[in-house]
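This briefing goes through a protein model residue by residue and topic by topic. Please keep the sequence and the 3D view open while reading.

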Amino acid sequence: MTSRISRRSFIGAAALTGASAALAACGGTPAPASGGGEAAATSAPAAATSETVLEVWNNNWGEVYNEPMKAIGEAYTAETGVKVNWAFNDQWQEKLLTAIAGDIPPDACYTNWVGLPTLAHQGTMLPLDDYFAASGIQSSDFIKAMIDACVWEGKTYGIPGGADFLVLHYSKDVYEAVGLDPEQPPVTLADWVAHSEAIYKFDSAGNIERMGMGPTDPGLIYAAFLFGGEFYNTEEKRITCNEGGTVEALEWMVENSQRWPVEKVAAFTAGMPGYSQPNSGFATGKVTYMYNGYWSAEALDKYAPDLNYGLAFLPTLNGTPEERKNYVIQGWDYSIPAGAKSPDAGWDFLKYGFYDNAADLGVKTINGNCVLDQMDEYVKGVQEWLGPENRMTPQFSVFTDTGAAGEKFWPVMPVASRYYDEVNRAQDFATRGEMTAQEALDEAARVTQEELDSALKS
C-alpha cells in the first residue's frame, strides 16, 4: 500500500473508549447578490479566467493532511487555468468571521457539521440552491445524511466534502484467545456486551489487563439513534435529548459502567498510544474493539502487520440490516462566504472538486465519497490503494454499505457545538454516577434550549 495520510475531521469521530478515539468556467450559473443575499439568477455571469485567483480556506489539519487538498487545487488549475491560493487556518471559524466582517472573505471555505448551521443562521454563508439547480445537481445525488446536514431553514449552505464511514474493527486474535468465534463478531448490542464480558481480564487487584468494549461505547451521539432516540424536533425547535430512546441509550451506558467502571477503564487506557501510533491498545491486543474509518489501514499495516482483525457493522438493538439507517454519517463540507469577491468561480471550484471529481477526492484524501453514482469508482480507487493482499481489501464493503445506509446526523441548529458539548457532559455525569441518566439529560436539554431560544431570537 502506497504511503498516504490518515483521515481526521474537525471534532473527530467519537472513538471507542481506549480504542481510538477532509471544472470548466461557470457559464450559466447564478450569481449570488453581494453581501450574502439570495443567489440571483443571471443569464451570463462572468466566467473565471486564467487571471482569476481563487482564495480557498481550509481548517489546518497539519502539513501531511493539507497537501492532498492542495492537489485538488492543482488539478483544477491544470484544467481551467484558474489559480487556487490555499490558506490553512487554525481557529478557522473565528478567522472566517473576522474576514467576512472586514469584507475580505475567501471565495470558498471549509465548514463542518457543527460550524455550518451557526454560520448559516448568522447570514455569513451564501445559500447554494440556485447554483445546485443551474448545475443540475440534486440532493438525491449525495449521501443523504451529508447533504441534509447542509440544510438550514430550507436552504442549502454547503456541498458535502468528505464523509466518515465508521465501522467496528475487532481483534480476531483476542477472539481466538478467549474462545469466541473470530468469524462471528457482535451483531446486536447484547452480543457486544456478552462478548466483552468474556474478553475483559482483570488482575488480582481488580485492575484491567484486557478490555472489550468501553462502558460508554460507541458514545451517546451514536447510541441514541440505535435506541430510536432523537436529539431535536425541527418543527417545534425543541431539544429532545431527555426523551425516549436517548434516555434509554444513556441508561444502557450506565449499566455498562457498573460492569466496567469508567474510572478503571480510564486508568487502564491512560497514556496508551492512539491507533495511529506504535503499540496502540488495539495493535497490542489490550483493547479488542475500535470504531473507526478505513484510514486506519495505513497505521495498522505499518505498526501491526501481523494483527488478525476483522471489520463489522456497528451492532444494533436487533441486528437487522434495516436498523443501519440509524447509523450516524458526518464529516466536513465546503461553502461560499457572504461577500466573496468571486462567488461564481468559487462555486465552479466546489463543483469540480466535490461533485464532478468526488470519488477521486475521496481516494486521494482518504475520505468517504459523498456522491452516490461515483461509489463504484471510489471503491475501485481505494482497493487499488490498499492493494489486493491487504487485510482490509476483502472487507471494504462494510464501510461503503455503512455510508449508504446511515441517515442520521447531528441536529442542524445555530447552537450545534454547544449542544454537542452538553450531551457529552451529560454522558460523563451519568456514567460516573454523579447524576441519573434522566437528570443529566434534563440539564443538558434545559441549558441548550435556553441557548437555542436566545440564538433564534437574535
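Cys-109 is buried, because its relative accessible area is 1% and the cut-off for buried is under 20%. The residue belongs to strand β5, which spans residues 108–112. The model is predicted, with a mean pLDDT of 90 for the protein chain.

**Confidence**

- A pLDDT of 70 or more is reached by 89% of the residues in the chain.
- Residues 2–46 have a pLDDT below 50. Beyond near neighbours in sequence, this stretch has 148 contacts in the model.

**Around Cys-109**

- Leaving aside neighbours within four places in sequence, Cys-109 is in contact with Trp-57, Leu-96, Met-125, Asp-333, Tyr-334, Ser-335 and Pro-337.
- Cys-109 and Gly-158 are 49 residues apart along the chain, and their C-alpha atoms are separated by 9.6 Å.

**Nonpolar cores**

- In soluble globular proteins, nonpolar side chains tend to be buried together.
- The largest nonpolar core in this model has 95 residues. Cys-241, Tyr-294, Tyr-378 and Trp-410 have the most contacts inside that core.
- Tyr-378 has contacts, outside the four places on either side in sequence, that include Phe-165, Tyr-294, Val-363 and Phe-396. Gly-362, Asn-367, Gly-368, Asn-369 and Thr-400 are also among the residues that Tyr-378 contacts.

**Aromatic residues**

- The structure holds 37 aromatic pairs.
- Tyr-222 and Tyr-291 form an edge-to-face pair, because their ring planes are at 85°, with the ring centres 5.5 Å apart.
- Tyr-222 is in helix α8 (residues 220–226) and Tyr-291 is in strand β14 (residues 289–292), so this pair ties together parts 69 residues apart in sequence. Both tyrosines are buried.
- Trp-332 and Tyr-334 also pair edge-to-face, because their planes are at 70°, with the centres 6.1 Å apart. Trp-332 and Tyr-334 are both buried.
- Trp-332 and Tyr-334 belong to one aromatic cluster. Its other members include Trp-61, Tyr-76, Trp-86, Phe-88, Trp-92 and Tyr-110. Phe-349, Tyr-352 and Phe-354 are also in the cluster.
- The ring of Phe-313 has the charged end of Arg-324 over it, 3.6 Å from the ring centre.

**Two buried threonines in loops**

- Thr-316 sits in the loop between β15 (309–312) and β16 (330–335). Its relative accessibility is 3%, so Thr-316 counts as buried.
- The side chains of Thr-316 and Glu-323 are joined by a polar contact of 2.8 Å.
- Apart from neighbours within four places in sequence, Thr-316 is in contact with Val-187, Thr-188, Leu-189, Leu-226, Glu-323 and Tyr-327.
- Thr-188 is in the loop between α6 (172–177) and α7 (189–199). Its relative accessibility is 14%, so Thr-188 counts as buried too.
- Not counting residues up to four places away in sequence, Thr-188 touches Pro-315, Thr-316, Leu-317, Asn-318 and Gly-319.

**A partly exposed lysine**

- Lys-201 is in strand β10, residues 201–202. Its relative accessibility is 41%, so Lys-201 counts as partly exposed.
- Beyond four places in sequence, Lys-201 is in contact with Asn-207, Ile-208, Glu-209 and Arg-210.
- Lys-201 and Lys-286 are 85 residues apart in sequence, and their C-alpha atoms are 9.5 Å apart in space.

**Backbone details**

- Asp-217 and Pro-218 are joined by a cis peptide bond, with omega about -5°. Pro-218 lies in the loop between β11 (208–210) and α8.
- Gln-91 is not a glycine, yet has a positive phi of about 50°. The residue is in the loop between β4 (83–89) and α2 (92–101). Gln-91 has a relative accessible area of 56%, so it counts as exposed.
- Asn-279, not a glycine either, has a positive phi of about 60°. The residue lies in the loop between α10 (262–269) and α11 (281–284). Asn-279 is exposed, because its relative accessible area is 56%.

Note on methods:
Residues numbered from 1 in each chain as written. Predicted model: local features only at pLDDT ≥ 70, side-chain atom pairs only at ≥ 80, totals over all residues. Heavy atoms only, no water. pLDDT = per-residue confidence, 0-100. Contact = heavy atoms within 4.5 Å. Core = buried A, V, L, I, M, F, W, Y, C linked by side-chain atoms within 4.5 Å. Buried < 20%, exposed > 50% of the residue type's maximum accessible area, 1.4 Å probe, protein only. Phe/Tyr/Trp six-rings, centres within 6.5 Å; stacked < 30°, edge-to-face > 60°. Helix = DSSP H or I, 4+ residues; strand = E, 2+ residues; numbered from the N terminus. Lys NZ or Arg CZ within 6 Å of the ring centre and 35° of its normal. Polar contact = N/O pair within 3.5 Å; in protein donor to acceptor, adjacent residues only side chain to side chain.
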